[in-house]
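Okay, everyone, thanks for coming. Let me put the model up, and then I'll talk you through it.

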Amino acid sequence: MSDRRSVDEDRLRAVFRALSEQRVEYAVFGAVALGLHGLARATADLDLFIRPDARNVERLKAALHMVFEDPNIEDITAEDLCGDYPAVRYYPPDGFGFDILTRLGDAFEYADLDIEERDYDGVPVRVVSPRTLWRLKKDTTRPTDRFDADVLAERFGFREE
Amino acid sequence: MSVTRYRSIDEMPRPWRETNDPGNLRVVAQMLAFYRGLVGTVPRHAGVQRFRTLQEADASHNDPHRR
């Protein structure tokens, strides 16, 4: 494998650094979290669960502005994320996209997440724990989520309580 | 290299990496790029979209007519 970093890796590192610098309260979940826990699979987006308050949404926007020169970032609003639209998708002009979430149905809110703080060669990353990731995925209907939940249970020994 | 046989794909060991492997971030970036390579010809909607649920957002991924 080449030692050269890809554009995506540089951007991923820049995003996590910016989130840290802006003190955004967030946690990575979804397939990227699965990859950070050790099992990589292809995915479209970086999924971010964020604390639903207006100041945190502004900090998230400030972090995205540090990485992307894109006026569309201003279309991300606390009114949506803390109101009727708890799922917002943002695609920058190029590169991977973001799914930004403040709650998952009636089952999960930010306060329910167990979050681990990791360091990847100096890049701080907040990611949901394997158990939280399993809980987020195990009761959904999407086949890929069921698969992810099963392999997490197998790897970490999780069982239904 | 020897050959290992399995009766189904479920029998194959998962290619897990160590949880604290610093290379995991690089692998994740490769998977993001890999996905875009697979669907690279599908136009995408640059900017912000809002959804009432994550399921609604997932469904929009599968809409062949999405901008």
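**Where the chains meet**

So, 36 residues of chain B are in contact with 38 residues of chain A, contact being C-beta atoms, placed from the backbone, within 7 Å. On the chain B side, helix 1 (24-38), strand 1 (47-51) and helix 2 (54-61) each put in at least two residues. Helix 1 of chain B gives the largest share, 14 residues. Helices here are DSSP runs of H or I, at least four residues, and strands are runs of E, at least two, numbered from the N terminus.

Quick housekeeping: this is a predicted model, with local features needing pLDDT of at least 70 and side-chain atom pairs 80 or more, while totals for chains, interfaces and linings use all residues. Residues count from 1 along each chain as its sequence is written, and chains are lettered from A and ligands numbered from 1 in the order written.

Now the strands: strand 3 of chain A (residues 87-91) runs antiparallel to strand 1 of chain B, with 5 bridges joining them; pairing takes at least two DSSP bridges. A:Y90, for example, has B:V48 as its bridge partner.

Chain A itself has 6 helices and 8 strands, in the order α-β-α-β-α-α-β-β-β-β-β-β-α-α from the N terminus. Its radius of gyration is 16 Å, close to the 15 Å that the globule rule gives for 161 residues, so chain A is as compact as a globular protein of that length. That's over C-alpha atoms, and the rule is 2.2 Å times the number of residues to the power 0.38. Those C-alpha atoms fill a box of roughly 45 × 45 × 25 Å along the principal axes.

Methods: Two residues are in contact if their C-beta atoms, placed from the backbone, lie within 7 Å.
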